[in-house]
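Here are my notes for when you open the model.

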Amino acid sequence: MAAVHLRMKNYSKARDACDMVLEDDKNAKALYRRGKAHFGLFEFDSAEKDFQEVLKLEPANKSAHTQLMECANQKKAHTEKEKRVFQSMFAENEVTVENDSEESTKTVEQEVDVAAKSEEEQNMRM
């Protein structure tokens, strides 16, 4: 059942199906498929653990070794992507804060000018 869910990209259902199998005993296929499900859900740490467990049970399993390496690569790429997103978010906030402070300064200067002109007009009337 988990294999079908993986092919349909229903990763959470695949993970749940594997969890049910793994309640009874350690099964290399179930661990591998759960690792694939975690990978599809971007849960890279959990995926790595599952692939490492598969390799403990079956050290010659080339697919698990390949997936473990792919998981490490995707984890690194995902971290770099998050880093760029957060950097751009903070850069935008800094620009907004600078713009807000410039606008506030301009507004205060304009209010001071209006008040000074108003005071001059009142002094001229007297």
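Predicted model: local features only at pLDDT ≥ 70, side-chain atom pairs only at ≥ 80, totals over all residues.

1. **Salt bridges overall.** There are 8 salt bridges in the structure, where a salt bridge is a side-chain nitrogen of Lys or Arg within 4 Å of a carboxyl oxygen of Asp or Glu. Residues are numbered from 1 along each chain as its sequence is written, and side-chain values use heavy atoms, with hydrogens and water left out.

2. **Arginine 34 and aspartate 50.** These two side chains form a salt bridge at 2.7 Å, N to O. The pair links distant parts of the chain, with arginine 34 in helix α3 and aspartate 50 in helix α4, 16 residues apart. (Helices are DSSP runs of H or I with at least four residues, strands are runs of E with at least two, and both are numbered from the N terminus.) Arginine 34 is buried at 18% relative accessible area, and aspartate 50 is buried at 4%. Here buried means under 20% relative accessible area, exposed over 50%, and partly exposed in between, using a 1.4 Å probe and protein chains only.

3. **What else surrounds arginine 34?** Leaving aside neighbours within four places in sequence, arginine 34 is in contact with Arg15, Cys18, Asp19, Leu22 and Asp50; contact means heavy atoms within 4.5 Å. Of these, cysteine 18 is buried, at 1% relative accessibility. Arg15 also belongs to a network of salt bridges with Asp16 and Glu43.

4. **Aspartate 45 and lysine 75.** Their side chains meet in a salt bridge at 2.5 Å, N to O. This pair also links distant parts of the chain: aspartate 45 is in helix α4 and lysine 75 in helix α5, 30 residues apart. Aspartate 45 is partly exposed at 44%, and lysine 75 is partly exposed at 30%.

5. **A pair within one helix.** Glutamate 53 and lysine 56 form a salt bridge at 3.4 Å, N to O. The two are separated by about one helical turn because they are 3 residues apart in helix α4. Lysine 56 is exposed, at 63% relative accessible area.

6. **The nonpolar core.** The largest one has 11 residues, including Leu22, Phe44, Phe51, Leu68 and Cys71. A nonpolar core is a set of buried Ala, Val, Leu, Ile, Met, Phe, Trp, Tyr and Cys residues joined through side-chain atoms within 4.5 Å. Helix α4 gives the largest share of this core, 5 residues. Leucine 68 touches Glu48, Phe51, Gln52 and Leu55, not counting residues up to four places away in sequence.

7. Cysteine 71 is buried at 0% relative accessibility. A search of the whole structure finds 0 disulfides, a disulfide being a pair of cysteine sulfur atoms within 2.5 Å.

8. **A surface feature.** Which residues form a nonpolar patch on the surface? They are Val85, Phe86, Met89 and Phe90, with about 390 Å² of accessible area together. Phenylalanine 86 lies in helix α5 and is partly exposed at 43%. Patches are made of residues with over 30% relative accessible area and no salt bridge, with like charges joined within 9 Å and nonpolar side chains (Val, Leu, Ile, Met, Phe, Trp, Tyr) within 5 Å. Accessible areas come from the Shrake-Rupley method with a 1.4 Å probe, and for residues only the protein chains shown count as cover.
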